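The sequence and structure come first.

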Amino acid sequence: MKKHQQINYIEMPSQDLEKTKAFFHSAFGWTFQDYGPDYCDFHQEGIDGGFYRIDMAMSQEAGSALVVLYSENLEASEKAVIKAGGDISKPCFDFPGGRRFHFREPCGNEFAIWSES
């Protein structure tokens, strides 16, 4: 639901839209709508957003925001990430309120997934 002056949409880079779409579909079941060869979007995945083609990737080390997904089963999500071709960049660790791990999708973008303790 759109709310005045709240985050409504997020756009992220992708070096290869087909690889990015295949990864997120395989790992999490996301679906995409293409808008030409250089942009696709997704809906109803917690927040709507899209990927645009560019020869860059987002990572915390480079100062990018970290997009964090929620999981009811962190171990199953980790297996899905690996099976879909993602790399675990930070193994699972505890933090106040839960546990999480970081991963990179096949084009190098860093994400995290968290779960309650």
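A residue is called buried under 20% relative accessible area, exposed over 50%, and partly exposed in between, with a 1.4 Å probe and protein chains only. The model is predicted: local features need pLDDT of at least 70 and side-chain atom pairs count only at pLDDT 80 or more, while totals for chains, interfaces and linings use all residues. Residues are numbered from 1 along each chain as its sequence is written, and side-chain values use heavy atoms, leaving out hydrogens and water.

**Sheet and helix**

Helices (H or I, at least four residues) and strands (E, at least two) are DSSP runs numbered from the N terminus; two strands pair if DSSP finds at least two bridges between them. An open sheet with mixed pairing is formed by four strands in the order E1-E4-E3-E2. Strand E1 (9-14) and strand E2 (33-34) are its edges, each pairing on one side only. Strands E3 (residues 39-42) and E4 (residues 48-53) run antiparallel and are joined by four bridges, with Phe-42 opposite Gly-49 in E4. Helix H1 (residues 17-28) packs on this sheet and touches E1, E2, E3 and E4 (contact: heavy atoms within 4.5 Å). The direction of H1 makes about 145° with that of E4; axes are lines fitted to C-alpha atoms, for helices over the stretch in contact, and angles run from 0 to 180 degrees between N-to-C directions.

**Hairpin**

Strand E6 (residues 87-95) pairs with strand E7 (residues 98-104) in the antiparallel sense over six bridges. Asp-87 stands opposite Arg-104 in E7. Two residues lie between the strands of this hairpin, and Gly-97 takes a positive phi near 100°.

**Salt bridges**

A salt bridge requires a side-chain nitrogen of Lys or Arg within 4 Å of a carboxyl oxygen of Asp or Glu. Six are found in a search of the whole structure, including these:

| Pair | Closest N and O atoms |
|---|---|
| Glu-18 and Lys-21 | 3.2 Å |
| Lys-21 and Asp-34 | 2.7 Å |
| Asp-94 and Arg-99 | 4.0 Å |

Salt bridges link Glu-18, Lys-21 and Asp-34 in a network. Glu-18 and Lys-21 are separated by about one helical turn, because they are three residues apart in helix H1. Lys-21 in helix H1 and Asp-34 in strand E2 are 13 residues apart, and this pair links distant parts of the chain. In the remaining pair of the table, Asp-94 is exposed, with 62% relative accessible area, and Arg-99 is partly exposed at 23%.
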